[in-house]
Amino acid sequence: MRSSVRLTTAVCSLLLLLIQVASALKFDLPAASGKNERCVRNFVSSGQLVVVTAIVSGNKGDGQVVNMHVKDSLGNEHGHPKDIVGEKRQAFTSPADTSFDVCFENQLVSRHNGANLHRSIELDIDIGADARDWSTIQAQEKLKPVETDLRRIEELVGEIVEEMEYLRAREQRLRDTNESTNERVKWFAFGTMGMLVGLGAWQVVYLRAYFRSKHLI
């Protein structure tokens with residue numbers, strides 16, 4: 001029994017570690033006086049919680065101002081914090097199935113600290129089950145660490161299943177659209193061929209009648 005629990009704990013820890021490693025993104029953003037916005041795009045389903053965590057290096061007053069802008073493809077604004085230093089979190093719930101962008105810009109306000117100024121940014125985007133505060137849930141429901149990990153993985157698997165169902169339904173719609181388009185193209189081709197045959201027959205009849213009227217045949 002203990003070996004089983006240990007194995008389950010190890011598997012849960014490995015899965016959670018892989019998920020956390022895959023979601024982290026680090027990059028350097030040079031300072032510029034003009035527009036130098038850099039964006040990261042992700043996709044989210046309707047009603048899912050999204051937590052954007054950004055850790056920006058540097059200090060205020062070093063001649064650089066880093067601004068973050070969170071927006072989706074539907075035109076909704078989900079936060080626009082300015083002059084970020086250190087850790088900054090921005091959370092929102094998606095109103096629909098859509099893509100969203102997390103954009104950063106590093107404005108150069110002075111050069112007294114030298115040339116080639118830049119800020120290092122570490123970005124972490126948590127969606128759905130990953131975005132929930134599991135430490136609070138564990139404390140409120142008095143769950144064991146392995147139970148918390150299992151519940152989190154259960155919700156992650158549920159989200160994956162829902163995403164697969166969405167992709168399957170979308171593939172089915174695309175297949176139906178493709179079949180309908182092929183059917184229309186087929187009947188359009190038949191119609192075009194019928195019109196060409198009819199036009200050719202009419203031309204033969206017309207030319208025969210014309211030549212006969214001219215006593216050529």
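Are Asp 62 and Arg 119 buried or exposed? In this predicted model, both residues are buried. Their side chains meet in a salt bridge, with an N to O distance of 2.9 Å. The pair links distant parts of the chain, 57 residues apart: Asp 62 belongs to the loop between β3 and β4 (64–72), and Arg 119 to strand β8 (residues 118–127).

**Salt bridges**

A search of the whole structure finds 8 salt bridges. Three of them, including the pair above, are listed here.

| Pair | N to O distance |
|---|---|
| Asp 62 and Arg 119 | 2.9 Å |
| Arg 168 and Glu 165 | 3.2 Å |
| Glu 37 and Lys 35 | 3.7 Å |

Arg 168 and Glu 165 are 3 residues apart in helix α3, so about one helical turn separates them. Arg 168 is partly exposed, at 47% relative accessible area, and Glu 165 is also partly exposed, at 42%. Glu 37 counts as partly exposed, with 30% relative accessibility, whereas Lys 35 is exposed, at 70%.

**The sheet**

An open sheet is formed by 4 strands in the order β1-β8-β3-β6, with antiparallel pairing. Because β1 (24–30) and β6 (86–93) stand at the edges, each has a single partner strand, and one side of each lacks a neighbour in the sheet. From one strand to the next, the twist averages 20°. Strand β3 (residues 49–56) pairs with β6 over 8 bridges; Ala 54 has Lys 88 in β6 as its bridge partner.

**A nonpolar surface patch**

Leu 199, Trp 202, Tyr 206, Leu 207, Tyr 210, Phe 211 and Leu 216 together form a nonpolar surface patch with about 740 Å² of accessible area. Leu 216 lies in the segment after α3 (145–213) and is exposed, with a relative accessible area of 58%.

Terms used
Residues are numbered from 1 along each chain as its sequence is written. This is a predicted model: local features need pLDDT of at least 70, side-chain atom pairs count only at pLDDT 80 or more; totals for chains, interfaces and linings use all residues. Side-chain values use heavy atoms; hydrogens and water are left out. Two strands pair if DSSP finds at least two bridges between them. Helices (H or I, at least four residues) and strands (E, at least two) are DSSP runs, numbered from the N terminus. Axes are lines fitted to C-alpha atoms, for helices over the stretch in contact, and angles run from 0 to 180 degrees between N-to-C directions. Patches are made of residues with over 30% relative accessible area and no salt bridge: like charges are joined within 9 Å, nonpolar side chains (Val, Leu, Ile, Met, Phe, Trp, Tyr) within 5 Å. Accessible areas come from the Shrake-Rupley method with a 1.4 Å probe; for residues, only the protein chains shown count as cover. A salt bridge is a side-chain nitrogen of Lys or Arg within 4 Å of a carboxyl oxygen of Asp or Glu. Buried means under 20% relative accessible area, exposed over 50%, partly exposed in between (1.4 Å probe, protein chains only).
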